[in-house]
Amino acid sequence: MENFLQIIRRSNLHFVVVVAGLFGGTLANFDSARAAVATAQVEEFVQRNIDKGYDILRSKSVADADRHAQFHTFMLSISDMPRIGMFALGQYARGLSRADTEAYTASFTDYAIPLYEFWLSKYNERTLKITGTVQRAADDFVVRADAVSVTNAAGQPFKVTFRIRQAENGSFVLTDMTAEGISLALTLRSDFTAFLQQHGGRVPDLVGRLKSQTEAIIPAGSATPAPQ
């Protein structure tokens with residue numbers, strides 16, 4: 001009887017181990033499938049919207065001011081400008097009043113979108129070819145791509161990446177763009193924090209600077225920003 005019970009116990013234990021292994025494998029496969037779906041979705045988001053951005057920038061049928069307005073609306077629809085702006089403030093974002101936050105966010109948006117327009121304009125004679133995606137977290141993706149010349153297929157492609165976050169409702173938003181290893185968000189953060197260090201951390205002073213520089217970037221409503 002004792003031997004029989006031992007056999008039963010071992011059999012039950014073996015059954016539990018097998019079931020656990022199968023269940024764990026199923027979960028792993030499910031996670032892999034879910035990650036693959038998320039990757040496909042975020043890559044489709046990037047490809048579709050960068051193509052749309054290129055279409056706006058290449059359009060010859062609208063005036064510069066109208067093209068700029070269209071690109072501004074387009075960027076607001078695919079990016080999280082408040083998030084990018086607060087990141088660019090670094091440590092100076094802490095303790096900011098609501099009024100100062102709203103004033104800064106508005107000025108930052110008007111300043112940053114023409115910079116994105118300028119960056120993408122440098123590649124608007126190219127087509128985007130996605131080369132891979134790294135999922136940094138459940139809601140955080142880095143999509144790598146080559147900007148390939150449409151007139152010289154053998155030409156050297158430019159390396160670009162897009163930092164994409166996924167909102168709670170499942171939608172994707174752009175939070176950074178890197179071209180040839182240079183991150184726009186990090187560049188802005190370095191610039192802004194250096195300015196604030198020299199101006200006692202006064203964000204309203206930065207707002208004034210952003211407004212004056214925005215006027216210089218897009219004089220008289222031009223859609224083509226000047227390089228910074």
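**The sheet, the core and a helix pair**

Modeller: Start with the helices, then move to the sheet. Bear in mind that this is a predicted model. H2 and H4 lie roughly perpendicular to each other, because their packing angle is about 105° and the range for that term is 65 to 115 degrees. Helix H2 covers residues 64-78, and its axis is 10 Å from that of H4. On the H2 side, the contact uses His68, Phe71, His72, Met75 and Leu76. H4 brings Thr109, Asp110, Ile113, Pro114, Tyr116, Glu117 and Leu120. Sorted by class, that contact holds 7 nonpolar, 3 polar and 2 charged residues.

Now the sheet. It is open and built from 5 strands, in the order S1-S2-S3-S4-S5, with antiparallel pairing. S1 and S5 (182-183) are the edge strands, each pairing on one side only.

Look closely at S2, residues 140-149. Of its 10 residues, 9 are buried, so the rest of the structure largely encloses this strand. S2 has S1 as one partner: 10 bridges join the two, and they run antiparallel. S1 spans residues 126-137. A hairpin of 2 residues links S1 to S2. Arg126 has Ser149 of S2 as its bridge partner. Val134 stands opposite Val142 of S2.

S3, residues 158-166, is another partner of S2. Here 8 bridges hold the antiparallel pairing. Val143 faces Phe162 of S3 across this pairing.

Leaving out residues up to four places away in sequence, Phe162 touches Val46, Ile50, Leu128, Phe141, Val142, Val143, Ala145, Leu174, Asp176 and Met177. So which residues have the most contacts inside the largest nonpolar core? They are Tyr104, Phe108, Phe162 and Ile164, in a core of 53 residues. Helix H4, residues 98-121, supplies the largest share of this core, with 10 residues. In soluble globular proteins, nonpolar side chains tend to be buried together.

Move along to Val134, opposite Val142. From Phe162, go on to its contacts, including Leu174 and Met177. Finish at H4, which gives 10 residues to the core and also packs against H2.

Note on methods. Residues are numbered from 1 along each chain as its sequence is written. This is a predicted model: local features need pLDDT of at least 70, side-chain atom pairs count only at pLDDT 80 or more; totals for chains, interfaces and linings use all residues. Side-chain values use heavy atoms; hydrogens and water are left out. A nonpolar core is a set of buried Ala, Val, Leu, Ile, Met, Phe, Trp, Tyr and Cys residues joined through side-chain atoms within 4.5 Å. Buried means under 20% relative accessible area, exposed over 50%, partly exposed in between (1.4 Å probe, protein chains only). Helices (H or I, at least four residues) and strands (E, at least two) are DSSP runs, numbered from the N terminus. Contact means heavy atoms within 4.5 Å. Axes are lines fitted to C-alpha atoms, for helices over the stretch in contact, and angles run from 0 to 180 degrees between N-to-C directions. Angles under 35 degrees count as roughly parallel, over 145 as roughly antiparallel, 65 to 115 as roughly perpendicular and the rest as oblique. Ala, Val, Leu, Ile, Met, Phe, Trp, Tyr, Cys and Pro count as nonpolar, Asp, Glu, Lys and Arg as charged, and the others, Gly among them, as polar. Two strands pair if DSSP finds at least two bridges between them.
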